[in-house]
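Student: Can you walk me through this structure? I'd like to go piece by piece.

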Amino acid sequence: MSLLKTIDTHPSFAPRESGPLPERLISGDPTYRTWAQDVARGETINTGVWEATPGETRSVKGETFEFCHILSGVIEITPEGGGPVVYKAGDSFVMKPGFVGVWKTIETVRKIYLTVS
């Protein structure tokens, strides 16, 4: 097992397709595609590529820490009690455990993610 992992931003294998939980959907009809690429430490650390079509959902991190790097598209994240922040290709950000807010995909977004739970 190699201790070096390259994240393939355009994987050739089929993604897992899904959508938002009904209770988190605010507007639109977003679809999600996830290309999980690595797990570690008893599956508490996950990395891969995630893509979402336009729509607006409630984002709740719970106990999960998530680092995101936007590869393409545009999103707007509004933390509960805060103002909106726009992220686009080349931007990176972290949502810490306990984060609650609104995730609005303006243009289909593709990101690299790393979650720790």
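Student: Okay, what are the ground rules?

Tutor: This is a predicted model: local features need pLDDT of at least 70, side-chain atom pairs count only at pLDDT 80 or more, and totals for chains, interfaces and linings use all residues. Residues are numbered from 1 along each chain as its sequence is written, and side-chain values use heavy atoms, with hydrogens and water left out.

Student: How many residues are in the largest nonpolar core?

Tutor: The largest nonpolar core holds 14 residues. A core here is a set of buried Ala, Val, Leu, Ile, Met, Phe, Trp, Tyr and Cys residues joined through side-chain atoms within 4.5 Å. Buried means under 20% relative accessible area, exposed over 50%, partly exposed in between (1.4 Å probe, protein chains only).

Student: Which strands each supply at least two residues of this core?

Tutor: Strand 4 (45-52), strand 6 (65-79), strand 8 (92-95) and strand 9 (100-116). Strands are DSSP runs (E, at least two residues), numbered from the N terminus. The largest share, four residues, comes from strand 6.

Student: Which residues have the most contacts inside the core?

Tutor: Trp50, Ile75, Ile77, Phe93, Met95, Trp103 and Val109.

Student: What is Trp103 in contact with?

Tutor: Leave aside its neighbours within four places in sequence. Then its contacts (heavy atoms within 4.5 Å) include Trp50, Gly55, Thr57, Ile75, Phe93 and Lys111. Trp103 counts as buried because its relative accessibility is 7%.

Student: Now rings. How many aromatic pairs are there?

Tutor: Four aromatic pairs. Rings of Phe, Tyr and Trp (its six-membered ring) pair if their centres lie within 6.5 Å; planes under 30 degrees apart count as stacked, over 60 as edge-to-face and the rest as tilted.

Student: Why is the pair of Tyr32 and Trp50 tilted?

Tutor: Their planes are at 50°, so the pair is tilted. The ring centres are 5.0 Å apart. Tyr32 lies in strand 3 (residues 32-40) and Trp50 in strand 4, so the pair ties together parts that are 18 residues apart in sequence.

Student: Is Trp50 buried or exposed?

Tutor: Trp50 counts as buried, at 14% relative accessibility. Trp50 also forms an edge-to-face pair with Trp103, 5.6 Å centre to centre and 90° between the planes. That pair links distant parts of the chain: Trp50 in strand 4 and Trp103 in strand 9, 53 residues apart.

Student: Which residues form one aromatic cluster?

Tutor: Tyr32, Trp50, Tyr87, Phe93 and Trp103.

Student: What about the surface? Which residues form a nonpolar patch there?

Tutor: Phe65, Phe67, Val94 and Val116, with about 270 Å² of accessible area together. Areas come from the Shrake-Rupley method with a 1.4 Å probe; for residues, only the protein chains shown count as cover. Phe65 is partly exposed, at 31%.

Student: New topic. Where is Arg41?

Tutor: Arg41 is in the loop between strand 3 and strand 4. Arg41 has a positive phi of about 50° although it is not a glycine. Arg41 is exposed, with a relative accessible area of 70%.

Student: And where does Glu43 lie?

Tutor: Glu43 lies in the loop between strand 3 and strand 4. Its phi is positive, near 65°. At 59% relative accessibility, Glu43 counts as exposed.

How values were computed:
Patch = residues over 30% accessible without salt bridge, like charges linked within 9 Å, V, L, I, M, F, W, Y side chains within 5 Å. Salt bridge = Lys/Arg side-chain N within 4 Å of Asp/Glu carboxyl O.
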